[in-house]
Amino acid sequence: MRSDAPWTIERISDALGTPDLVQRFLGEINTAQADRLLAVFTKWADIAGDLEEAFDPNDPDVAAAHRGEEPPGEWIDITDEVKEEAARIRSRGAA
């Protein structure tokens with residue numbers, strides 16, 4: 001859910017969500033030359049906006065991930081079936 005609040009360095013950092021992305025953003029914004037500062041800011045505001053729009057914090061799966069938990073619900077592990085299908089495909093000579 002996208003907020004109408006103006007983008008700031010703090011808001012972009014919050015919206016990025018992961019320490020790695022925040023570090024990349026801050027590194028780029030802090031080392032940008034004056035004539036590139038707005039372009040770097042705009043690039044990261046767009047990325048943050050896309051992330052904010054894609055991950056609705058009211059979604060139970062997103063909320064669980066933010067808490068470091070497994071998403072709710074029953075998950076069916078089909079790893080073995082996928083591996084078997086891949087082996088069948090490879091045995092027929094497909095790349």
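What share of the contacts in the protein with a separation of 6 or more is accounted for by residues 24 or more positions apart? In this predicted model, the share is 48%.

The protein contains 5 helices and 0 strands, and its elements follow the order α-α-α-α-α from the N terminus on. The radius of gyration is 20 Å, whereas a compact globule of 95 residues would have a value near 12 Å. Along the principal axes, the C-alpha trace extends over about 55 × 35 × 20 Å.

The packing of two helices was examined in detail. Helix α1 comprises residues 9–16 and helix α2 residues 19–31; their axes come within 8 Å and cross at roughly 150°. Because angles over 145 degrees count as roughly antiparallel, α1 is roughly antiparallel to α2. The crossing in which α1 passes α2 is right-handed. On the side of α1, the contact is made by Ile9, Ile12, Ser13 and Leu16, and on the side of α2 by Leu21, Val22, Phe25, Leu26 and Ile29. Sorted by class, the residues in the contact of α1 with α2 are 8 nonpolar and 1 polar, with no charged residues. Ser13, which α1 contributes to the contact, belongs to the polar class.

Key:
Residues numbered from 1 in each chain as written. Predicted model: local features only at pLDDT ≥ 70, side-chain atom pairs only at ≥ 80, totals over all residues. Heavy atoms only, no water. Axes fitted to C-alpha atoms, helices over the stretch in contact; angles between N-to-C directions. Helix = DSSP H or I, 4+ residues; strand = E, 2+ residues; numbered from the N terminus. Parallel < 35°, antiparallel > 145°, perpendicular 65-115°, else oblique. Left-handed = near helix turned anticlockwise from the far one by under 90°. Contact = heavy atoms within 4.5 Å. Rg over C-alpha atoms; globule rule 2.2 N^0.38 Å.
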